[in-house]
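Dear colleague,

I am handing over the structure discussed for your review. Please find the sequence and the model below, followed by an account of what was found.

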Amino acid sequence: MSQSLLLGSGWHPPLFRSEINALFGDLKILHPRIVLLDQSIDDIFLTRISRAALVDDLLHFGGYTHNSDFNLVVNEISNWCKEHLHPGSFAVRSKKLGSGVENISRRDLEKEVGAKLFSDRNPVNLHNPNYEIVIIVAGDVEGEVHRDSLFTEPCIVWGIRENNWSKTNYLGRQPMERPFFKPISLEPRLAKLLISLAHSKGNTPQNFIDPFCGTGGIAIEALLQGMNIFVSDLDPTMVYGVKKNLSWANDNHENIIEVEKCSVKDIADLWGSKENSIFVFDPPYGRNAWKSDDGLELFLSSLEQALKIDPNSVISTMLPAGSESLENNPDSDYIVMGRPWSEIQKEVNKRGWKVIVRSPVKVHKSLARMVVICHPLH
Ligand SMILES: C[S@@+](CC[C@H](N)C(=O)[O-])C[C@H]1O[C@@H](n2cnc3c(N)ncnc32)[C@H](O)[C@@H]1O
């Protein structure tokens with residue numbers, strides 16, 4: 001079993017795929033929420049995948065089919081399992097995505113595959129099995145929360161669940177559970193997503209820089225991943241509060257944690273040169289700030305400063321956008337920070353960056369952000 005299969009969260013399939021691409025490089029898409037990697041699951045893989053925010057399940061890949069003949073599907077899955085299942089108890093679990101596959105009931109698949117595999121060598125244990133065979137019956141998933149322009153044929157995918165991995169549990173680290181809370185605090189899943197999107201294949205960032213750190217919502221997640229933390233904010237109250245939050249979250253005293261009061265315009269002087277850095281932030285978006293040019297100006301100056309600190313870094317951010325960006329084709333020329341996106345993109349290019357990913361994200365009913373990832377132009 002040398003390939004791994006990842007099931008993405010239904011919340012945002014396009015960003016799930018971008019996240020896996022940032023962390024692992026090339027991937028094969030079987031379905032908008034299912035991707036395949038040519039890598040077996042080992043300790044290095046598990047460390048890397050622990051950085052992902054939008055993965056719902058991790059399997060040792062078995063196979064996939066577009067067949068919808070029930071008996072053929074049962075035979076294909078059970079033949080594969082007979083060959084690959086080690087001695088020990090097992091359970092067959094199934095999931096249906098979207099509309100599923102015509103003529104295929106996932107419950108019947110569970111029963112039939114289980115009946116074919118059951119033996120003295122492999123007894124069934126539904127509560128605490130040694131192995132879980134997972135079958136995903138995947139149909140159209142259009143529009144759960146965010147639009148996805150990718151469509152694939154319905155398919156059935158199977159594999160054996162990796163036991164040494166589980167979804168991140170954010171209990172105890174929600175914004176209101178931290179010692180210093182403000183309504184601007186970013187929730188941990190989005191923070192983790194922005195950090196994973198700032199990765200690039202084969203590289204693990206060493207330094208995390210947030211020039212608009214606020215209460216430290218993103219910095220806390222970077223700290224938990226073992227990065228050195230260099231954060232700043234113009235507001236002294238935030239500087240005081242983020243220090244409290246970071247020392248509360250820090251259980252590894254070897255990390256460098258530096259917090260300063262500083263305008264984004266001066267962070268290159270503040271931090272100097274720092275190789276292997278990522279810049280992850282959400283810039284100010286006060287009701288008035290983002291409609292004026294101020295928010296944009298601050299964002300653009302963060303791009304200039306970042307290149308001075310590390311010419312090979314990555315920028316990962318979320319910019320205020322109109323809610324119409326969630327309703328129509330995500331590739332249209334939306335208003336972002338009060339300007340058409342095409343204008344912003346030109347300004348980004350002028351400052352030496354190219355946009356690798358942009359994708360709207362729903363924050364509230366009528367509030368959207370554009371997730372934007374930039375790499376240096378060179
Ligand atoms: C949207 S908040 C960031 C929230 C943060 N991610 C959190 O989880 O709490 C933007 C921050 O930018 C800061 N800010 C505004 N203007 C700034 C400037 N010119 N330079 C640096 N920080 C600035 C504000 O004080 C605010 O804390």
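**The sheet and its surroundings**

In this predicted model, 7 strands make up an open sheet with mixed pairing, in the order S2-S3-S1-S4-S7-S6-S5. The edges are taken by strand S2 (28-31) and strand S5 (90-97); each has a single partner strand, so one side of each is left without a neighbour in the sheet. On average, neighbouring strands of this sheet are turned by 35 degrees against each other, direction ignored.

At the S2 end of the order, the strand pairs can be described in detail. S2 and S3 run antiparallel and are joined by 3 bridges. The two strands form a hairpin, with 2 residues between them. Within this pair, Ile29 has Val35 of S3 as its bridge partner. Strand S3 (residues 34-37) also pairs with strand S1 (residues 4-8), in the antiparallel sense and over 4 bridges. Here Leu5 has Leu36 of S3 as its bridge partner.

Helix H1 (residues 13-24) packs on the sheet and touches S1, S2 and S3. The direction of H1 makes about 145 degrees with that of S1. A further helix, H3 (residues 70-84), lies across strand S4 (55-65), strand S6 (131-138) and strand S7 (155-161). H3 runs at about 105 degrees to S4.

**The two domains**

The protein is divided into domain 1, covering 4-161, and domain 2, covering 175-376. Their C-alpha centres lie 34 Å apart. Domain 1 contributes 17 residues to the contact between them, and domain 2 contributes 18 residues. On the side of domain 1 that touches domain 2, the residues divide into 9 nonpolar, 5 polar and 3 charged.

**Helices H1 and H5**

H1 also has a helix partner. The axes of H1 and helix H5 (residues 188-197) come within 8 Å and cross at roughly 45 degrees, which makes H1 oblique to H5. On the H1 side, the contact is made by Leu15, Ser18, Glu19, Ala22 and Leu23. On the H5 side, Leu193, Ser196 and Leu197 take part. By class, this contact of H1 with H5 has 5 nonpolar, 2 polar and 1 charged residues.

**The surroundings of the ligand**

Which residues come nearest to the ligand? Of the 19 residues around the ligand, these are Phe212, Gly214, Thr215, Gly217 and Asp235. By class, the shell around the ligand has 11 nonpolar, 5 polar and 3 charged residues.

With kind regards

Definitions and conventions: Residues are numbered from 1 along each chain as its sequence is written. This is a predicted model: local features need pLDDT of at least 70, side-chain atom pairs count only at pLDDT 80 or more; totals for chains, interfaces and linings use all residues. Two strands pair if DSSP finds at least two bridges between them. Axes are lines fitted to C-alpha atoms, for helices over the stretch in contact, and angles run from 0 to 180 degrees between N-to-C directions. Two residues are in contact if their C-beta atoms, placed from the backbone, lie within 7 Å. Domain bounds come from an automatic or database domain assignment. Ala, Val, Leu, Ile, Met, Phe, Trp, Tyr, Cys and Pro count as nonpolar, Asp, Glu, Lys and Arg as charged, and the others, Gly among them, as polar. Angles under 35 degrees count as roughly parallel, over 145 as roughly antiparallel, 65 to 115 as roughly perpendicular and the rest as oblique. A residue is near a molecule or strand if its C-beta atom, placed from the backbone, lies within 6 Å of it.
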